[in-house]
Amino acid sequence: MAKKNKGSIKIKLESTAGTGYFYVAKKNPKKITHKLEFMKYDPRARKHVLFKETKLK
């Protein structure tokens with residue numbers, strides 16, 4: 001049986017365009033302590049916008 005990766009947590013990358021679109025990603029909080037920010041494609045806005053890390057509920 002495979003082991004679960006206890007170091008990683010799931011996070012939500014939410015669009016700053018205000019469309020409500022988000023991506024789900026994994027992050028190891030022991031290695032990466034700051035909040036993640038990426039330029040990714042938002043299909044609702046139909047352009048690349050900044051996505052910021054928020055808590056996944």
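Okay, before anything else: when I say contact today, I mean heavy atoms within 4.5 Å. And keep in mind that this is a predicted model.

Let's start with E53. You'll find E53 in strand β4, which covers residues 47–54. So who does E53 touch, once residues up to four places away in sequence are set aside? The list is I11, K12, L13, K27, H34, K35 and L36.

Now, is E53 buried or exposed? Its relative accessibility comes out at 14%, and the cut-off for buried is under 20%, so E53 counts as buried.

What does the E53 side chain do in there? Two things to show you. One is with the backbone: a polar atom of the E53 side chain lies 2.9 Å from the backbone nitrogen of L36. The other is with K27, where the two side chains make a polar contact of 3.1 Å.

That K27 pairing also goes down as a salt bridge, at 3.1 Å from N to O.

As a reminder, side chains of opposite charge can pair when their charged atoms come close.

How many salt bridges turn up if you search the whole structure? The answer is 2. Besides E53 with K27, there's E37 with K52, whose closest N and O atoms sit 3.9 Å apart. This pair links distant parts of the chain as well: E37 belongs to strand β3, residues 37–42, while K52 is in β4, 15 residues away.

E37 has 48% relative accessibility, so E37 is classed as partly exposed. K52 has a relative accessible area of 37%, so partly exposed is the label there too.

Last stop, T19. Where is T19? In the loop between β1, residues 9–15, and β2. With a relative accessible area of 26%, T19 is partly exposed.

Leaving out neighbours within four places in sequence, T19 is in contact with D42, R44 and A45. With D42 there's a side-chain to side-chain polar contact, at 2.7 Å.

Technical notes
Residues are numbered from 1 along each chain as its sequence is written. This is a predicted model: local features need pLDDT of at least 70, side-chain atom pairs count only at pLDDT 80 or more; totals for chains, interfaces and linings use all residues. Side-chain values use heavy atoms; hydrogens and water are left out. Helices (H or I, at least four residues) and strands (E, at least two) are DSSP runs, numbered from the N terminus. Buried means under 20% relative accessible area, exposed over 50%, partly exposed in between (1.4 Å probe, protein chains only). A polar contact is a pair of N or O atoms within 3.5 Å; within protein, one must be able to donate a hydrogen and the other to accept it, and residues adjacent in sequence count only if both atoms are side-chain atoms. A salt bridge is a side-chain nitrogen of Lys or Arg within 4 Å of a carboxyl oxygen of Asp or Glu.
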